[in-house]
Amino acid sequence: MAERRQAQISSRKQPQQARSMELVKAVLDAAVQVLATEGAQRFTMARVAERAGVSVGSLYQYFPNKAAILFRLQSDEWDRTAEMLRGILEHRATPPLDRLRTVVHAFIRSECEEAGVRTALDDAAPLYRSAPEAREALKAGAAIMQAFMREALPNASADRRALAISLIESTIRSVGKSYSETPHAPAEIEAFAGAMADMFGAYLAQLDKKAGQ
């Protein structure tokens, strides 16, 4: 049986002129709205074009299919997350566990504020998650976390640090997604994020203690 071909997710071309840039921005803004209101299953090129007020043909100049639009939205979100991580975790004047606490609070707040779009992007992930472009886009955030963990756990083995990264990232994503599915008051969100940060801090402190023995 032939292997199923991965859909093309790279943009057809990058806009160069101001008018083209405005069109692509309008398309992406419309795509966010369609994704939030319709979900991944009902997300189509036609709905995006209608919401953006452009022809479907205009979309196809820049995006070969809906997977390419969804991947662009996801990769933009990954870029924002990587910049957030870099801005917080690379600030070495702040103790590592305090930086991790700030990251947890920022991530949980973001999950709750953008719950609809994030959930829909998770649902759409099978369209692009195995593509080379998706793996490449995730490398920046991974490198930032690896550098931070080397600083937070200088005496731990590489395997132990990798396990810590995997546990923290998988927990914050899955628990954050579940928590954001129900509306919460700002004070509740901060309390929840604080408790999660306490848990991660205690875990890393214990790992550091064991590594130093």
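**Exercise 1.** Sort the residues of the lining of the largest pocket into nonpolar, polar and charged.

*Solution.* Start with the classes: Ala, Val, Leu, Ile, Met, Phe, Trp, Tyr, Cys and Pro count as nonpolar, Asp, Glu, Lys and Arg as charged, and the others, Gly among them, as polar. In this predicted model, the lining then splits into 21 nonpolar, 5 polar and 9 charged residues. Together 35 residues line the pocket, with Trp78, Thr81, Phe107, Leu138 and Arg173 nearest its centre. H4 contributes the most, 9 residues.

A note on the ground rules: residues are numbered from 1 along each chain as its sequence is written, and side-chain values use heavy atoms, without hydrogens and water.

**Exercise 2.** Classify the 2 aromatic pairs of the structure.

*Solution.* Recall the cut-offs: rings of Phe, Tyr and Trp (its six-membered ring) pair if their centres lie within 6.5 Å; planes under 30 degrees apart are stacked, over 60 edge-to-face, the rest tilted.

Step one: Phe71 and Trp78 are 6.3 Å apart centre to centre with 75° between the planes, an edge-to-face pair.

Step two: the ring centres of Tyr179 and Phe192 are 3.7 Å apart and the planes are at 10°, so this pair is stacked.

**Exercise 3.** Which parts does the pair of Tyr179 and Phe192 tie together?

*Solution.* Tyr179 lies in helix H9 and Phe192 in helix H10 (residues 186–212), so the pair links parts 13 residues apart in sequence. Helices here are DSSP runs (H or I, at least four residues), numbered from the N terminus.

Methods
This is a predicted model: local features need pLDDT of at least 70, side-chain atom pairs count only at pLDDT 80 or more; totals for chains, interfaces and linings use all residues. On a 1 Å grid over the protein atoms alone, a cavity is a set of points where a 1.4 Å probe fits but cannot get out, and a pocket is an open set with protein on both sides within 12 Å along at least five of seven lines; lining residues have an atom within 4 Å of a point. Helices (H or I, at least four residues) and strands (E, at least two) are DSSP runs, numbered from the N terminus.
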